[in-house]
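Dear colleague,

I am passing this structure on to you, with notes on what was found in it. Please look it over before reading on.

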Amino acid sequence: MDDFREARWYGVRPAANRKPATYRCPICGGLLPALSDHMLVLPDGEPSRRRHAHTECVMNARRDGRLLLREEIEPRRPGLLSRLLGR
């Protein structure tokens, strides 16, 4: 597999797929039917590296601290108004 586990942070969102395909979950390695409820996981937020994962695997990895979100790694940039006001 590629460097999925080497990402600094991950983007996670629910997947909506009607394609009759089967994926391999990058977290547990198990098979994942595309028509089942699952999540898309984007290492470092790169859509070209996205992987389909079981919702339960994503939630367990998040709980265990193995799937950090961008907000947990990089501080949020101040908004435009704050930057203009020098805050």
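Which side chain meets that of E72 in a salt bridge? The partner is R62, at 3.0 Å from N to O, where a salt bridge is a side-chain nitrogen of Lys or Arg within 4 Å of a carboxyl oxygen of Asp or Glu.

Before going further, please keep in mind that this is a predicted model, in which local features need pLDDT of at least 70, side-chain atom pairs count only at pLDDT 80 or more, and totals for chains, interfaces and linings use all residues. Residues are numbered from 1 along each chain as its sequence is written, and side-chain values use heavy atoms, with hydrogens and water left out.

First, the overall layout. The protein has 3 helices and 5 strands, where helices (H or I, at least four residues) and strands (E, at least two) are DSSP runs numbered from the N terminus. In sequence order, these elements follow the pattern β-β-β-β-β-α-α-α. The C-alpha trace spans about 50 × 25 × 20 Å along its principal axes, and the radius of gyration is 16 Å, whereas a compact globule of 87 residues would have one near 12 Å; that radius is taken over C-alpha atoms, and the globule rule is 2.2 Å times the number of residues to the power 0.38. Of the contacts between residues at least 6 apart in sequence, 55% join residues at least 24 apart, a contact being heavy atoms within 4.5 Å.

Next, the interior and the surface. Buried residues account for 30% of the 87 residues, with buried meaning under 20% relative accessible area, exposed over 50%, and partly exposed in between (1.4 Å probe, protein chains only). The protein exposes about 6300 Å², of which carbon and sulfur atoms supply 52%; such areas come from the Shrake-Rupley method with a 1.4 Å probe, and for residues only the protein chains shown count as cover.

The largest nonpolar core is made up of 12 residues, namely F4, A7, Y10, C25, I27, M39, V41, A53, C57, V58, A61 and L67. Both β4 and α1 (55-63) supply at least two residues of this core, and α1 gives the most to it, with 3 residues. A nonpolar core here is a set of buried Ala, Val, Leu, Ile, Met, Phe, Trp, Tyr and Cys residues joined through side-chain atoms within 4.5 Å.

One member of that core, C57, is in contact with C25, I27 and C28 once its neighbours within four places in sequence are left aside. C28 sits in the loop between β2 (22-24) and β3 (31-33) and is partly exposed, with a relative accessible area of 46%. Not counting residues up to four places away in sequence, C28 touches H54 and C57, while its C-alpha atom is separated by 13 Å from that of L67, 39 residues apart along the chain.

To return to the charged pairs, the structure holds 7 salt bridges. In the one between E72 and R62, E72 lies in helix α2 (residues 70-73) and R62 in helix α1, so the pair ties together parts that are 10 residues apart in sequence. E72 is partly exposed at 45% relative accessibility, and R62 is partly exposed at 25%. D64 takes part in a salt bridge with R63 (3.4 Å, N to O) and in another with R66 (3.6 Å, N to O). R63 counts as exposed at 60% relative accessibility, whereas D64 is partly exposed at 44% and R66 is partly exposed at 47%.

Two local details remain. D44 has a positive phi of about 55° although it is not a glycine; this residue lies in the loop between β4 (38-43) and β5 (51-54) and is partly exposed, with a relative accessible area of 23%. Elsewhere, L80, L81, L84 and L85 make a nonpolar surface patch of about 470 Å². Patches are made of residues with over 30% relative accessible area and no salt bridge, with like charges joined within 9 Å and nonpolar side chains (Val, Leu, Ile, Met, Phe, Trp, Tyr) within 5 Å.

With best regards
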